[in-house]
Amino acid sequence: MEKTATKTKDKAAPFYAVIVAAGSGARMGADVPKQYMNIAGRPVLRHTLERFLACPGLRGIHVVINPAHRALYDAATAGLALPAPINGGDTRKDSVFNGLESFSKLTYNDTILIHDAARPFITPAEIAVLVDSIQTYEAATLAVPVADSLRHGDQQDDAKARAFVDRKGLLAIQTPQAFRYGVIMESHNKADPANEWTDDTGLASAAGFDVAVVTGKRQNFKITTADDLEMADNLMRGTDSMRTRTGMGFDVHAFAQIMGGPVRLCGVDVDHPHRLYGHSDADVALHAITDALLGAIAAGDIGEHFPPTDPQWKGLDSAYFLSEAVRMITDKKGEIVNIDVTIICESPKIGPHRAKMQERVAEICNIAVDQVNIKATTTEKMGFTGREEGIAAQAIATVQVP
Ligand code: CTP
Ligand code: MG
């Protein structure tokens, strides 16, 4: 039977996952096992885990590692919500088995996926189709038809390249592979120890279970050699590895009627009879921008990071808050695409200061001037801004994060 990995269901079916990452990457031949090497600035394992963690149906995930790599593992997974890793074994099969056993509380019909850490291009959509197929089948794997011609041979010796293999009907098997928990446990328990199993659906077939084949994508290749790592790095750096995210911010500050100007807006001091009242310098526009950036990376809001009750922020230049939000984006290897601000007030007039404000915001955010837009509006003398009781500002920011 064949399915195509394209759709996701309305309500995600629950599943568990074992990620095997205990190999040494001998064919890569690097100092560090391949799953801990960086592609697009982050370890292969982290990319893989983030894709699983993005699946709404995921109920539990156990990563199997070589305990000798614990420090590499800790660095690669910092900040991810994961239980302690499971120790692997000498062969992939042993590592898988340890991972499966660590889920001993599962029942026969629970769905479990087994995936190679070295395949970071897996998508939540493909995972969802595999999980769904276990509603009907006992086991399922992603696979792609073999595209290249095949022959036996020895890379070092042309003369040894003789016997051709007909590629028709041949499938290259990928992971994830999905199983009913009882099916894969039984398959492992029955497995012939003399056989070097590299594929868990092979074990299931040998134990007499039917394996459904879900057509996968070539992009879900397994990083094996240095050549693969280079390809993976290029692919991961491609545009679809960056997600576009948007955040909005809104802030209001009242005029301090008894204190003289200027007002500070977008980091620029503008003449005005009164300054704005606030704990910091009350730069309402920079506060709105800061909130928009924090919003885009799901990092809460300005009050959470810099509580107004904390004396250390008293009278502070709000450029500091904004630059901290920018730093949080940079820490995530993200980039600001653009910022758009609307200042809402009857006075001061913003137009004459617009260019200076644009430059200052660009400078604080470390982006180009044409990535920042400043505009202003009145509220036609209506409401608190119309009565000149204070100034409001709205901002929207777009960022790209890996
Ligand atoms: N794996 C594992 N335990 C092992 C061997 C492999 O958990 N004893 C994992 C690898 O970390 C990898 C996946 O199984 O994520 C697929 O194996 P493979 O691509 O062969 O990785 P390595 O064994 O690390 O590479 P090599 O065969 O080149 O040494
Ligand atoms: Mg191996």
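**Close-ups of a predicted model: a pocket and a helix pair**

**View 1. What lines the largest pocket.** At least two lining residues of the largest pocket come from each of strand S2 (15-21), helix H3 (92-101), strand S8 (139-145), strand S11 (171-180) and helix H7 (226-237). Helices (H or I, at least four residues) and strands (E, at least two) are DSSP runs, numbered from the N terminus. S11 gives the largest share, five residues. This is a predicted model, with local features needing pLDDT of at least 70 and side-chain atom pairs pLDDT 80 or more, while totals for chains, interfaces and linings use all residues. Residues are numbered from 1 along each chain as its sequence is written, and side-chain values use heavy atoms, leaving out hydrogens and water.

**View 2. The middle of the largest pocket.** Arg27, Lys34, Arg119, Lys222 and Thr224 sit closest to the centre, out of 45 lining residues. By class, the lining splits into 17 nonpolar, 15 polar and 13 charged. Here Ala, Val, Leu, Ile, Met, Phe, Trp, Tyr, Cys and Pro count as nonpolar, Asp, Glu, Lys and Arg as charged, and the others, Gly among them, as polar.

**View 3. H8 packed on H10.** Helix H8 (residues 284-296) and helix H10 (residues 319-331) pack at about 15°, axes 9 Å apart, so H8 runs roughly parallel to H10 (an angle under 35 degrees). Axes are lines fitted to C-alpha atoms over the stretch in contact, and angles run from 0 to 180 degrees between N-to-C directions.

**View 4. Who touches whom.** Leu286, His287, Ile289, Thr290, Leu293 and Leu294 of H8 contact Ala319, Phe321, Leu322, Ala325, Val326, Met328 and Ile329 of H10, with contact meaning heavy atoms within 4.5 Å. That's eleven nonpolar, two polar and no charged residues.

Conventions:
Chains are lettered from A and ligands numbered from 1 in the order in which they are written. Angles under 35 degrees count as roughly parallel, over 145 as roughly antiparallel, 65 to 115 as roughly perpendicular and the rest as oblique. On a 1 Å grid over the protein atoms alone, a cavity is a set of points where a 1.4 Å probe fits but cannot get out, and a pocket is an open set with protein on both sides within 12 Å along at least five of seven lines; lining residues have an atom within 4 Å of a point.
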